[in-house]
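Hi there,

Here is the structure I promised to pass on to you.

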Amino acid sequence: MNRACLCLCHDGADGEALRSRHLEAYLAYIESIMDSVRVAGAMRDAEGRIIGSCLIYAADNEAAALELLHGDPYYIGGVWEQVECRTMMLAAGTWIGGKSW
C-alpha cells in the first residue's frame, strides 16, 4: 500500500489525567488494530510534556482512518481536544522500502 493517513491529535486541558485514566484500554486497542497502525506515539513539547498523539494508519482515505480513530479509547474518553487527519501519498523513505519512482 502506498497510501496512509496521518492523524495529529492534540490533548485538551485535562489530557494528562484522561490519558492516565484510559491508558490501559488505549494500549489494548492499539494492539487489537496493530495491522492497521504504521506508527503511534506521543507528541511532546520542548519541556518533554505530552501534548498529543501522532498516529499513522494504513488507510486509503480519511474515512477509513477516522473509523479506526473513533474506536480509540483516547478519542472516546475525550483526551484529544483537536484532531486533524490527512491522507498521505507515501513517496520515499526507509519505512516504504526506498522510493516510489
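Predicted model: local features only at pLDDT ≥ 70, side-chain atom pairs only at ≥ 80, totals over all residues.

Residues are numbered from 1 along each chain as its sequence is written, and side-chain values use heavy atoms, with hydrogens and water left out.

**Strands**

Two strands pair if DSSP finds at least two bridges between them. Strand β1 (residues 3–11) runs antiparallel to strand β4 (residues 80–89), and nine bridges join them. β1 also pairs with strand β3 (residues 50–57), again in the antiparallel sense, over six bridges. Cys 7 shows both pairings: it stands opposite Cys 85 in β4, and its bridge partner in β3 is Leu 55.

Leu 6 is in strand β1 too. With 25% relative accessibility, Leu 6 counts as partly exposed (buried means under 20% relative accessible area, exposed over 50%, partly exposed in between, with a 1.4 Å probe and protein chains only). Not counting residues up to four places away in sequence, Leu 6 touches Cys 54, Leu 55, Ile 56, Glu 84, Cys 85, Arg 86 and Met 88, where contact means heavy atoms within 4.5 Å.

**Aromatic rings**

A search of the whole structure finds two aromatic pairs. Rings of Phe, Tyr and Trp (its six-membered ring) pair if their centres lie within 6.5 Å; planes under 30 degrees apart count as stacked, over 60 as edge-to-face and the rest as tilted. Tyr 26 is buried at a relative accessible area of 9%, and Tyr 74 is buried at 3%. Tyr 74 also forms an edge-to-face pair with Trp 80, at 5.8 Å centre to centre and 85 degrees between the planes. Tyr 26, Tyr 74 and Trp 80 form one aromatic cluster.

Tyr 75 lies in helix α3, and it is partly exposed, with a relative accessible area of 35%. Leaving aside neighbours within four places in sequence, Tyr 75 is in contact with Leu 69, His 70 and Trp 80.

**Asp 72**

Asp 72 is buried yet has no salt bridge, and the nearest side chain of opposite charge, Arg 19, is 8.5 Å away. Lys and Arg count as positive and Asp and Glu as negative, while His and the chain ends are not counted. The side chain of Asp 72 does reach the backbone nitrogen of Tyr 74, at 2.8 Å.

**Salt bridges**

How many salt bridges does a search of the whole structure find? There are five, a salt bridge being a side-chain nitrogen of Lys or Arg within 4 Å of a carboxyl oxygen of Asp or Glu. Arg 19 forms one with Asp 11, with the closest N and O atoms 2.7 Å apart. Arg 19 counts as buried at 10% relative accessibility, and Asp 11 is buried with a relative accessible area of 13%.

Glu 47 and Arg 49 form another, with the closest N and O atoms 3.0 Å apart, and both residues are exposed. Asp 45, Glu 47 and Arg 49 are linked in a network of salt bridges.

The side chains of Glu 62 and Arg 86 also meet in a salt bridge, at 3.8 Å from N to O. This pair links distant parts of the chain, Glu 62 being in helix α2 and Arg 86 in strand β4, 24 residues apart. Glu 62 is partly exposed at 31%, as is Arg 86 at 44%.

Best wishes

Methods:
Polar contact = N/O pair within 3.5 Å; in protein donor to acceptor, adjacent residues only side chain to side chain. Helix = DSSP H or I, 4+ residues; strand = E, 2+ residues; numbered from the N terminus.
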